[in-house]
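Trainee: I would like to go through this model and ask what stands behind each label. Please set the values against the cut-offs as we go.

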Amino acid sequence: MANLQSIMDHAVAVARKAGEVVREALSDDRKVMMKSSAVDLVTQTDQKVEQLIIQSVKEKFPSHRFIGEESVAAGEACVLTDDPTWIIDPIDGTTNFVHAFPFVAISIGFAMNKQVEVGVVYSCLEDKMFTARRGKGAFCNGEPLAVSDQTDIQQSIISTEFGANRDPEAVDKIFCSLRNILSLPVHGVRGAGTAAINMCLVASGCVEGYYEIGVHVWDIAAGSLVVSEAGGVLMDVDGGELDLMSRRIIAANNRSIAERLVKEITPFRPPRDDSPPQKL
Ligand SMILES: Nc1ncnc2c1ncn2[C@@H]1O[C@H](CO)[C@@H](O)[C@H]1OP(=O)(O)O
Ligand SMILES: [Mg+2]
Ligand SMILES: [Mg+2]
């Protein structure tokens, strides 16, 4: 049995180290490369930070497996087995990082038997360390977190992102959901530019609900535990059970806000994270 406290301690230590590297890189030249499209960006810092985290974990936990955003981009499989697995987004909010828009996170989840046991999100420009262990609560810099107790969506702030998919059909669906939610009306719609921080805002009680279609498992693994341990709920955008590989999520303060969002969201299905790579 892996010792979850030592895993949590290691995740926090390596996230802090990664955050230092990201902060230093912010003042250097940021050379931007494209991934799947002109708006899907990656920098050398994403790759460097992912290697730093994986190397450091491998030294301490040599038998553990990894799902890392940049390793998957480089061709590694994205499969969640029952084995102890670290799920890593070295920079969540790369577009923010490239523009020095001040919300950037390191997201580290640890799963066993396909269940997230430890979640660490380090919002490194705000120096906020969000941590959660299953059954043991969620914290920010050691202070306990609790979701908002608001049950009226019209008194709520909802956060979401537009994603990197600019296909007109996908953009239409994204705007349809946004129009429905905005017109309820809600107090406001926000987006920090990082899925992990959006989820931590739900856990902190300043945003009632977050939803997105197009996110990946490394964006949401750690944040999902922070939300549920702060008392929030997670579900698929169609109201079903959350599937970390499905690229769709609602994270809300309570079931009534989450179910209200389900009614307003126009769902679509991006290719799953664990689907075999498309043949060219
Ligand atoms: N295709 C996609 N659609 C929607 N969100 C995506 C996405 N790819 C990545 N994201 C993540 O969603 C947020 C912004 O939309 C970021 O957390 C970003 O993570 P990233 O910065 O690690 O790429
Ligand atoms: Mg990300
Ligand atoms: Mg990333």
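Mentor: Start with a definition: a residue is buried if 20 or more other C-beta atoms lie within 10 Å of its own, and exposed if 12 or fewer. Keep in mind that this is a predicted model.

Trainee: What makes serine 275 buried or exposed?

Mentor: Serine 275 has 11 other C-beta atoms within 10 Å. The limit for exposed is 12 or fewer, so serine 275 is exposed. Serine 275 sits in the segment after α8 (255-264).

Trainee: How do you know whether aspartate 92 is buried or exposed?

Mentor: Aspartate 92 has 33 C-beta neighbours inside 10 Å. Buried needs 20 or more, so aspartate 92 counts as buried. Aspartate 92 belongs to strand β4 (residues 85-92).

Trainee: And which class does aspartate 219 fall into, buried or exposed?

Mentor: For aspartate 219 the count is 29 other C-beta atoms within 10 Å, so this residue is buried. Aspartate 219 is part of helix α7 (residues 217-229).

Trainee: What does aspartate 92 touch, not counting residues up to four places away in sequence?

Mentor: Aspartate 92 touches Ala105, Ser107, Thr194, Ala195, Ala196 and Asp219. The test for a contact is C-beta atoms within 7 Å. With neighbours within four places in sequence left aside, aspartate 219 is in contact with Asp89, Asp92, Ser107, Ala195 and Ala196.

Trainee: Which residues does the UniProt annotation "binding site" cover?

Mentor: According to the UniProt record, an unreviewed entry, "binding site" covers Glu69, Asp89, Ile91, Asp92 and Asp219. These residues span 151 residues in sequence, but no two of their C-alpha atoms are more than 9.6 Å apart, so they gather at one spot.

Trainee: Which residues come nearest to ligand 1?

Mentor: There are 17 residues around ligand 1, and Glu161, Gly163, Ala164, Ala195 and Gly214 come nearest. By class the shell has 3 nonpolar, 8 polar and 6 charged residues. Domain 1 (4-144) and domain 2 (153-264) each contribute at least three residues to the shell.

Trainee: How many residues of domain 1 are in contact with domain 2?

Mentor: On the domain 1 side 33 residues take part, and they are in contact with 25 residues of domain 2. On that side of domain 1 there are 18 nonpolar, 10 polar and 5 charged residues. The centres of the two domains, taken over C-alpha atoms, are separated by 20 Å.

Trainee: Where does the largest nonpolar core lie, and why?

Mentor: The core has 78 residues, and Ile106, Met199, Val202, Ala203, Val226 and Ile250 touch the most other members. Both domain 1 (4-144) and domain 2 (153-264) give residues to this core, so it lies between them. As for Val202, its contacts beyond four places in sequence include Val147, Val207, Tyr210, Val227 and Ala251.

Trainee: Why is helix α6 called largely enclosed?

Mentor: In helix α6 (residues 195-204), 10 of the 10 residues are buried, so the helix is largely enclosed by the rest of the structure. Among them are Ala195, Asn198, Met199 and Val202. Just after α6 comes glycine 205, with a positive phi of about 90 degrees.

Trainee: What makes the phi of asparagine 113 worth a remark?

Mentor: Most residues other than glycine have a negative phi. Asparagine 113 is not a glycine, yet its phi is positive, about 50 degrees. Asparagine 113 lies in the loop between β5 and β6, and with 11 C-beta neighbours inside 10 Å it counts as exposed.

Trainee: Is arginine 247, which also has a positive phi, buried or exposed?

Mentor: Arginine 247 has 23 C-beta neighbours inside 10 Å, so it counts as buried. Its phi is about 70 degrees, and its place is the loop between β13 (233-235) and β14 (248-252).

Trainee: What is the peptide bond from leucine 184 to proline 185 called, cis or trans?

Mentor: That bond is cis, with omega near -5 degrees. Proline 185 is in the loop between α5 (168-182) and β11 (188-190). Most peptide bonds are trans.

How values were computed: Residues are numbered from 1 along each chain as its sequence is written. Chains are lettered from A and ligands numbered from 1 in the order in which they are written. This is a predicted model: local features need pLDDT of at least 70, side-chain atom pairs count only at pLDDT 80 or more; totals for chains, interfaces and linings use all residues. A residue is near a molecule or strand if its C-beta atom, placed from the backbone, lies within 6 Å of it. Ala, Val, Leu, Ile, Met, Phe, Trp, Tyr, Cys and Pro count as nonpolar, Asp, Glu, Lys and Arg as charged, and the others, Gly among them, as polar. Domain bounds come from an automatic or database domain assignment. UniProt positions are given in the numbering used here, feature names are shortened, and annotations may be inferred rather than shown by experiment. Helices (H or I, at least four residues) and strands (E, at least two) are DSSP runs, numbered from the N terminus. Two residues are in contact if their C-beta atoms, placed from the backbone, lie within 7 Å. A nonpolar core is a set of buried Ala, Val, Leu, Ile, Met, Phe, Trp, Tyr and Cys residues joined through C-beta atoms within 7 Å.
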